[in-house]
Amino acid sequence: MSATNSTDYTYRVVFIRHGQSEWNRTNRFTGWTDVDLTAEGVDEARKAGKLLHLAGYQFDKAITSCLKRAIKTMHIVLEEMDQLWIPEYKTWKLNERHYGALQGRNKAETAQIFGDEQVKIWRRSYDIAPPALSKEDPRFPGHDVRYAAIPQDQLPATESLKDTEKRVIAYWQETLTPEILQGRSLLVVAHGNSLRSLVRHIDKISPDNIMAVEIPTGIPLVYEFAAGLQPLRSYYLQNP
């Protein structure tokens, strides 16, 4: 990613990973579990909104996941920008990677039980998913009213990054790309792995290298594109 800002682009999109969550702070596998922001996460979102406001950003639409840590981050950012009035959209396809039966477990304790190497494989391999939930498990998304309209065979019981990427990139290509090509300015607030999926797709990063890419919480990631949605550069928006 480049750290250089410029104005020779045709399209621009801003991505933000939600602010720190309660389970980020306690080092637990979160996935689709609907945990809240910490006070630090709220502060990160406010700082992101202030940065975007000072830089003069104006959005036409805001898009986020169905999880409160991302939704609240989006609202805080837009409030700081005085843009709460713009249309907003929520989609499960931007949800975090589903960590299956690991959800709720402390990462260090999980490594003690299963071994560091196995947990590293579950966390950092591209196409190996953690153990799946049963559909009877209360953590399975089919029991959550917000996903009631989605066919159960589309709802994950676990996901690898490759699995996550399939739904995220489908949404990018089918929904977000047409909006961008019509000249709309989009704010996309999502999660570490859903955004990692987008970064891999846009920048054509190999599966071996993408897992080393870290998306920090609460810092706007700006992508600039030439005509035809060819990526020119990307950079994190920092304090001037």
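These are my notebook entries on what I looked up in this predicted model.

**Entry 1: overall build**

I started with the whole chain. I counted 8 helices and 6 strands in the protein chain. Reading along the sequence, I wrote down the pattern β-α-α-β-α-β-α-α-α-β-α-α-β-β.

Next I looked up the dimensions. The C-alpha trace spans about 50 × 35 × 35 Å along its principal axes. For 240 residues, a compact globule would have a radius of gyration near 18 Å, and the protein chain has 18 Å, so the two agree.

I also noted that buried residues make up 52% of the 240 residues. Then I turned to contacts between residues at least 6 apart in sequence: 76% of them join residues at least 24 apart.

**Entry 2: the nonpolar cores**

A reminder to myself: in soluble globular proteins, nonpolar side chains tend to be buried together. Which residues touch the most other members of the largest nonpolar core? I found Phe 15, Trp 172 and Phe 225, out of 29 residues in that core. E1, helix H6 (161-181), strand E4 (186-190), helix H7 (192-203) and strand E5 (221-226) each supply at least two residues of this core. H6 gives the most, with 7 residues.

Setting aside residues up to four places away in sequence, Phe 225 touches Tyr 9, Thr 10, Tyr 11, Val 13, Trp 172, Ile 202, Gln 230, Pro 231 and Leu 232.

Thr 73 is found in helix H3 (residues 68-80). Is Thr 73 buried or exposed? At 0% relative accessibility, Thr 73 counts as buried. Leaving aside neighbours within four places in sequence, I listed its contacts as Ile 16, His 18, Gly 19, Leu 37, Ala 45 and Val 189.

Ser 21 sits in the loop between strand E1 (11-17) and helix H1 (22-25). Ser 21 is buried too, with a relative accessible area of 1%. Beyond residues up to four places away in sequence, Ser 21 touches Val 35, Asp 36, Leu 37, Thr 38 and Arg 69. Leu 37 is therefore on my contact lists for both Thr 73 and Ser 21.

**Entry 3: how H4 meets H5**

Two packed helices are described by the angle between their axes and the distance between the axes. I looked up both values for helix H4 (residues 107-114) and helix H5 (residues 116-124): the axes come within 6 Å and cross at roughly 125°. That makes H4 oblique to H5.

Which residues meet here? From H4 I noted Lys 107, Thr 110, Ala 111 and Phe 114, and from H5 Asp 116, Gln 118, Val 119, Trp 122 and Arg 123. The residues of this contact divide into 4 nonpolar, 2 polar and 3 charged.

**Entry 4: positive phi values**

Most residues other than glycine have a negative phi. With that in mind I picked out two non-glycine residues.

Asn 27 has a positive phi of about 60°. Asn 27 is in the loop between H1 and helix H2 (39-54). At 34% relative accessibility, Asn 27 counts as partly exposed.

Lys 204 has a positive phi of about 55°. Lys 204 is in the loop between H7 and helix H8 (207-210). At 70% relative accessibility, Lys 204 counts as exposed.

**Entry 5: pairs from separate parts of the sequence**

Lys 162 is in helix H6 and counts as partly exposed at 37% relative accessibility. Its C-alpha atom is 8.1 Å from that of Ser 197, 35 residues apart along the chain. Aside from neighbours within four places in sequence, Lys 162 is in contact with Tyr 126 and Asp 127.

Asn 239 lies in the segment after strand E6 (230-236). At 66% relative accessibility, I noted Asn 239 as exposed.

Terms used: Residues numbered from 1 in each chain as written. Predicted model: local features only at pLDDT ≥ 70, side-chain atom pairs only at ≥ 80, totals over all residues. Heavy atoms only, no water. Axes fitted to C-alpha atoms, helices over the stretch in contact; angles between N-to-C directions. Helix = DSSP H or I, 4+ residues; strand = E, 2+ residues; numbered from the N terminus. Parallel < 35°, antiparallel > 145°, perpendicular 65-115°, else oblique. Contact = heavy atoms within 4.5 Å. Nonpolar A, V, L, I, M, F, W, Y, C, P; charged D, E, K, R; others polar. Buried < 20%, exposed > 50% of the residue type's maximum accessible area, 1.4 Å probe, protein only. Core = buried A, V, L, I, M, F, W, Y, C linked by side-chain atoms within 4.5 Å. Rg over C-alpha atoms; globule rule 2.2 N^0.38 Å.
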